[in-house]
Amino acid sequence: MRTGASMRLQVDELAALVRSRICRECEVREAGEGCHPEAPDRCKLFELFPLVAQAILATDSHDIQDYVRAIRENVCSVCLEQALDGSCALRGGTQCALDSYLPQIVEVIEEATGKKFQRGNLCA
Ligand code: SF4
Ligand code: SF4
C-alpha cells in the first residue's frame with residue numbers, strides 16, 4: 001500500500017514525465033486553448049493532474065479501456081468543462097490536452113510503472 005509521501009512522489013514524478021513528453025509538441029498550446037506561459041494552470045491536464053495520476057495508479061488492469069474509463073469517471077466528472085449530460089465541448093478536438101494526448105499519457109504511465117497495455121484497445 002502506498003503511503004501519502006510515496007504517492008505524492010509518484011504524482012510529481014509522473015507529472016514531470018508527462019510534461020517532458022507532451023508539452024514540447026503540444027498542439028493544444030499552439031491552438032491557443034491550453035496553457036499560457038503566464039497562466040500554465042489553464043491546462044486541464046495539469047490542473048487536474050493529481051486526479052489523473054490517482055485514477056491511473058488506482059486502476060490495476062492490462063486493459064487500456066479501464067484506464068480510459070477511470071479518467072472519464074474520476075477526472076472529467078469533476079472538470080468544470082463537462083456538462084451535466086457528460087458531454088464536453090473541448091473533448092474530441094485539440095482543446096483539451098488530457099483528451100488529445102491520453103494515449104501518450106498512458107504510455108508514460110506504462111513506462112513509469114512497467115505495465116503493458118493492450119494497445120489494440122487504445123481509444124481516447
Ligand atoms: S496545454 Fe498543457 S500539455 Fe499543452 S503545453 Fe500547455 S501545459 Fe503542456
Ligand atoms: S475532456 Fe473535457 S471534461 Fe475531460 S478533462 Fe478535458 S476539458 Fe475536462
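Me: What is the mean pLDDT of the protein chain, and how many of its residues reach 70 or more?
Reply: This is a predicted model, and the mean pLDDT of the protein chain is 78, with 75% of the residues reaching 70 or more. pLDDT is the predictor's own confidence on a scale from 0 to 100.

Me: Which elements have the lowest and the highest mean pLDDT?
Reply: Among the elements, α1 has the lowest mean pLDDT, at 78, and α3 has the highest, at 90.

Me: What makes up the secondary structure of the protein chain?
Reply: Seven helices and zero strands. Reading from the N terminus, the order is α-α-α-α-α-α-α.

Me: Why is Leu98 called buried?
Reply: The cut-off is 20 or more other C-beta atoms within 10 Å. Leu98 has 26 of them, so it counts as buried. You'll find Leu98 in helix α6.

Me: And how do you know which residues Leu98 touches?
Reply: Contact here means C-beta atoms within 7 Å. Setting aside residues up to four places away in sequence, Leu98 touches Lys44, Leu45, Leu48, Val52 and Val75. Take Leu45: Leu98 and Leu45 are 53 residues apart in sequence, yet 4.6 Å apart in space, C-alpha to C-alpha.

Me: Which residues is Ile71 in contact with, leaving aside its neighbours within four places in sequence?
Reply: Val52, Ala55, Cys76 and Leu102. For Val52, the separation from Ile71 is 19 residues in sequence and 6.3 Å in space, C-alpha to C-alpha.

Me: Why is Tyr67 called buried?
Reply: Tyr67 has 22 other C-beta atoms within 10 Å. Being buried takes 20 or more, so Tyr67 qualifies. Tyr67 also lies in helix α5. Not counting residues up to four places away in sequence, Tyr67 touches Ile56, Thr59 and Val106. Tyr67 and Leu102 are 35 residues apart in sequence and 9.7 Å apart in space, C-alpha to C-alpha.

Me: How do you know that the buried residues of α5 line one face of the helix?
Reply: First, who they are: Ile64, Tyr67 and Ile71. Looking down the axis of α5, these buried residues fall within an arc of 60°, so they line one face of the helix.

Me: What about α4: which of its residues are buried?
Reply: Phe49, Val52, Ala53 and Ile56. Down the axis of α4, the buried residues fall within an arc of 90°, so they too line one face of their helix.

Me: Which residues touch the most other members of the largest nonpolar core?
Reply: That core has 26 residues, and the ones touching the most other members are Leu45, Val52, Ala97, Leu98 and Ile105. The elements giving two or more residues to the core are α1 (4-22), α3 (44-47), α4 (49-57), α5 (64-74), α6 (97-100) and α7 (102-113). With five residues, α7 gives the most.

Me: What share of the protein chain counts as buried?
Reply: Of the 124 residues, 25% count as buried.

Me: How much of the contact in the protein chain comes from residues 24 or more positions apart?
Reply: Among contacts with a separation of 6 or more, 62% are between residues 24 or more positions apart.

Me: Last topic, ligand 2. Which residues come nearest?
Reply: There are 13 residues around ligand 2, and Cys76, Cys79, Glu81, Cys88 and Cys96 come nearest.

Me: What kinds of residue make up the shell around ligand 2?
Reply: Eight nonpolar, one polar and four charged. Cys goes in the nonpolar class here and Glu in the charged one.

Note on methods:
Residues are numbered from 1 along each chain as its sequence is written. Chains are lettered from A and ligands numbered from 1 in the order in which they are written. This is a predicted model: local features need pLDDT of at least 70, side-chain atom pairs count only at pLDDT 80 or more; totals for chains, interfaces and linings use all residues. A nonpolar core is a set of buried Ala, Val, Leu, Ile, Met, Phe, Trp, Tyr and Cys residues joined through C-beta atoms within 7 Å. A residue is buried if 20 or more other C-beta atoms lie within 10 Å of its own, exposed if 12 or fewer, and partly exposed in between; C-beta atoms are placed from the backbone. Helices (H or I, at least four residues) and strands (E, at least two) are DSSP runs, numbered from the N terminus. A residue is near a molecule or strand if its C-beta atom, placed from the backbone, lies within 6 Å of it. Two residues are in contact if their C-beta atoms, placed from the backbone, lie within 7 Å. The arc is that of the directions from the helix axis to the C-beta atoms.
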